[in-house]
Amino acid sequence: MKYKRQSKILELIGAFDIYTQDELADRLGRNGFTATQATISRDIKELKLLKVPASNGQYKYASANSQDEDRANVKFLNILNETIIAIQTAKNLMVVKTHTGMAQAAAAAVDAIDFPEIIGTVAGDDTIFIAFASDENAEVTAQKLGKMIR
């Protein structure tokens, strides 16, 4: 039972941003696993789970194996936070203003985050044009990006 529960824990933290042991216990319960806080705490220790920054600024559980990917995401988020000044949409385009000389780095970070709605990016010195298939995709992604950099 322990190995099934621990496998489910790894599956859950891979699929969802889980911030607390209570939230993990709740998700386990919804999947047919009953565990006390002490058991979950032991599982976290045995699985060598880490707390890593999530895109919303809180800390979530992650496996040590996913730590490199999380570090890369944190790096890209830091680049976006440090470089972007303003975001504006115009129909199916997003125009992102950055500090002088930083558009290339910010565009590379946006590309690395791999928003599925983005068709392509073009970066100049302090401006990035991002193309979308629809006006709605531009607006939704602008909101996501705005939340990531606040």
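The protein holds six helices and six strands, where helices (H or I, at least four residues) and strands (E, at least two) are DSSP runs numbered from the N terminus. Read from the N terminus on, the order of these elements is α-α-α-β-β-α-β-β-α-β-β-α. What you see is a predicted model, in which local features need pLDDT of at least 70 and side-chain atom pairs count only at pLDDT 80 or more, while totals for chains, interfaces and linings use all residues. Residues are numbered from 1 along each chain as its sequence is written, and side-chain values use heavy atoms, with hydrogens and water left out.

Let me turn to the overall dimensions. Along the principal axes, the C-alpha atoms fill a box of roughly 55 × 30 × 20 Å. The radius of gyration is 19 Å, whereas a compact globule of 150 residues would have a value near 15 Å; the radius is taken over C-alpha atoms, and the globule rule is 2.2 Å times the number of residues to the power 0.38.

Next, burial. Of the 150 residues, 35% are buried, meaning under 20% relative accessible area with a 1.4 Å probe, protein chains only.

Which residues of helix α5 are buried? In this helix, residues 103–113, they are A103, A106, A107, A109 and V110. Seen down the axis of α5, these buried residues fall within an arc of 160°, so they line one face of the helix; the arc is that of the directions from the helix axis to the C-beta atoms. After α5 comes D114, with a positive phi near 65°.

How values were computed. Buried means under 20% relative accessible area, exposed over 50%, partly exposed in between (1.4 Å probe, protein chains only).
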